[in-house]
Each structure stands twice: as structure tokens, then as C-alpha cells.
Amino acid sequence: MKKEEAKIRILGKIFRYSVDFFHKKGFVQLMPVILGKSVDPLGPDPGSSIEKIPEVEYQGDVLRLMTSMILHKQVAVKDLKKIFIMSPNIRLERPERKSTGQHLFEFTQADFEIAEAKTDDVLSLLEDYYKDLSSYLEKEASEEFSVLGLDVFGFKVPFKHYTTHELIEKYGDDDWEEKASMDEEQPFWVLSHKREFYDKEHPSKDGHYLNYDLVYPLGFCEGISGAEREHEYERLLMRIKRDKLDMDAYSQYLEFARKGFSSSAGAGIGMERLARFMTMSEHVGDVSVFKRVPGIAVEI
Ligand code: ASN
């Protein structure tokens, strides 16, 4: 087996582990949605750099290619309570993102949401996910890891917590994530990151959010993002306006919110980024046959 093949096989095994994990924890699996009326705006987030969200016209409607299923998750979680989707996302990143090692313009996330959950519920679920992943891969992918000459990374949970504010203070505004990632030997949570309108704001601390990213160590950077959600119609409306988003694109989503959302929390685990970390690969595209790297022409 070649190294390239070992990496592709490991990604497949991580995908399979993820599906089994969420089923075992009682989640309902939904099929991915590719075209949506309302999709994740991916901003304002200082870390986002997409050129545009592609639109398709179909029977008089404008439909958008899925950037993430967060808004669909909020609609579905009300009745189904615990859901997950192995969700392909399209994010047309600017070509400069070619050299970050961690951006693809098409990738898959294991995206989940839990009704009435809080931050601690999601963090401990995800720590279980990582704890068992190492032993799963040791058992199921030993041949692949020996081809790569690697031991399976051993996760030590619980992971440390930092806030974005603390890390910016320590490392500066520009590359705090890379620097902090280089300094750590285990993944760590970064709490309170300014993100999109659907992440809940702290009820009493201005400029703080009830959200969390997981950052991989050794320079591998962000691998998960998630949050407790804004779910009240008035607050969602206010934040969509504040972010100056196109109201047409969110009117039907807001209709659902007006009829009532459940409070919820969730996150998305980037599948290729996790496989990149486990295989210690230079680029996140190294784990795919048909890699979609910003700034590189698609072959087929
Ligand atoms: N999946 C993420 C979440 O649940 C959203 C995203 O991918 N932008 O918060």
C-alpha cells in the first residue's frame, strides 16, 4: 500500500467511525442538503475568506450551494432532538488560501445538533468522540498507520480551555491560532470567538459568545467549530440586520424562527482536517483523491 492510499483509507475509516459514534449516542442521521434557500453566510468572521456563495436559479427560485447546514439543523432539531449529517460543503475560498495547508473549497463535516443542550454537553460528547477514536484507529487502521510510519495520536481528555480574548492578548491579533497551535501538544478549546448571527451572544458580557472551536496542536489549527444558538426570532432578526445580510436570503428561515425554534447547541467536525491531523499530512487535500484546493484548477 502506498502512503497516499493509506491516507485515503484512514479518512474513510474516520468517516465510518463518526457515523457509528453518532448512531450509538442516539442521534438521527439526516441526508445532506446541497441546495438551500437560506445557507450559512460564513461571516462576519475574521477567519472567513470566501469569494461568493454560488446561486442556482430553479423554477423562479434562487437556491444557494450549501456552505453549512447550520440553519437546516435549527429547523430539524426541534422535532428530532439529536441529529447529525455527513454534510458536504462548498466554500469558494480565495486563492491565497492555497498555502494555509488547511483549506479546501469542497469538504465534508460531521455536523450535529442537540436540542436544549449547552456548551458543556457538546464539549464532553466531543471529548468522548476523540478518546475512542484513537483506540478505534489502532484496531481498524493499524496497517495504514504502519505504512505511514506513525503511531495513532493518543488524545488526552479533557482538553484545555482558552478564550479567543486570552489568546489574542498572548499572541497578537493576526496569527494567534497558528502560534497557540504550535505551542500545544494536545487539542484545545477556544471559547468565545466572534462569529455568525446564529451563535449565541453571552447574555451579560458584551462581545463574548457562547461558542467553541477545537484547535489541533503542532500547527494543525482549527478542526471543529460550534456553539449554543440564538433561537429567538427577535434576536435572530436583529442580528441578521446588524450583520447587514440580504433579508431575501433569510426570510424563509426567519419564518421558521417566528413559529418557534428549540434552543440547541452543536458543532461540525471537519473530516478532512481530522484525517490530515491523524496522518500528520502537509495539506488537507492530501487525504482525498479529488482534492479541491483554492487556487488550483480542478482536473476532473
Ligand atoms: N457546523 C458549524 C456549527 O455547527 C457551522 C459551520 O460550519 N460554519 O456551528
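## Buried or exposed: setting the scale

A residue is called buried when its relative accessible area is under 20%, exposed when it is over 50%, and partly exposed in between (1.4 Å probe, protein chains only). The model you see above is predicted, so local features need pLDDT of at least 70 and side-chain atom pairs count only at pLDDT 80 or more, while totals for chains, interfaces and linings use all residues. Residues are numbered from 1 along each chain as its sequence is written, and side-chain values use heavy atoms, with hydrogens and water left out.

Let's start with arginine 64, which counts as buried because its relative accessibility is 10%. You can find arginine 64 in strand 4, residues 61–65. Strands (E, at least two residues) and helices (H or I, at least four) are DSSP runs, numbered from the N terminus.

What does the side chain of arginine 64 make a polar contact with? Its partner is the side chain of glutamate 55, at 3.4 Å. A polar contact is a pair of N or O atoms within 3.5 Å; within protein, one must be able to donate a hydrogen and the other to accept it, and residues adjacent in sequence count only if both atoms are side-chain atoms. Leaving aside residues up to four places away in sequence, arginine 64 also touches others, including Ile34, Val39, Pro54, Asp246 and Ala249. Here, contact means heavy atoms within 4.5 Å.

Side chains of opposite charge can pair when their charged atoms come close. A salt bridge is a side-chain nitrogen of Lys or Arg within 4 Å of a carboxyl oxygen of Asp or Glu. The structure holds 22 salt bridges.

One of them joins the side chains of glutamate 113 and lysine 73, at 3.2 Å from N to O. Glutamate 113 sits in strand 6 (residues 106–115) and lysine 73 in helix 2 (residues 70–80), so this pair ties together parts that are 40 residues apart in sequence. Both glutamate 113 and lysine 73 are buried.

Glutamate 113 also forms a salt bridge with arginine 229, where the closest N and O atoms are 2.9 Å apart. Arginine 229 lies in the loop between strand 10 (221–228) and helix 7 (233–242), so its pairing with glutamate 113 in strand 6 links parts that are 116 residues apart in sequence. Glutamate 113 has a relative accessible area of 0%, and arginine 229 is buried at 2%. These residues belong to a network of salt bridges that links Lys73, Asp111, Glu113, Arg195, Glu196, Asp199 and Arg229.

## A pair elsewhere in the chain

Lysine 160 and glutamate 184 form a salt bridge too, with their closest N and O atoms 2.9 Å apart. Lysine 160 is in strand 7 (residues 160–163) and glutamate 184 is in the loop between helix 6 (176–183) and strand 8 (188–191), so the pair connects parts that are 24 residues apart in sequence. Lysine 160 is partly exposed at 47% relative accessibility, whereas glutamate 184 is buried at 11%.

Most residues other than glycine have a negative phi, and most peptide bonds are trans. Valine 157 and proline 158, however, are joined by a cis peptide bond, with omega about 0°. Proline 158 is in the loop between helix 4 (142–148) and strand 7.

Leucine 42 has a positive phi, near 55°. Leucine 42 lies in the loop between strand 2 (35–36) and strand 3 (55–58), and is buried at 9%. Lysine 81 also has a positive phi, near 70°. Lysine 81 is in the loop between helix 2 and strand 5 (82–90), and is partly exposed at 43%.
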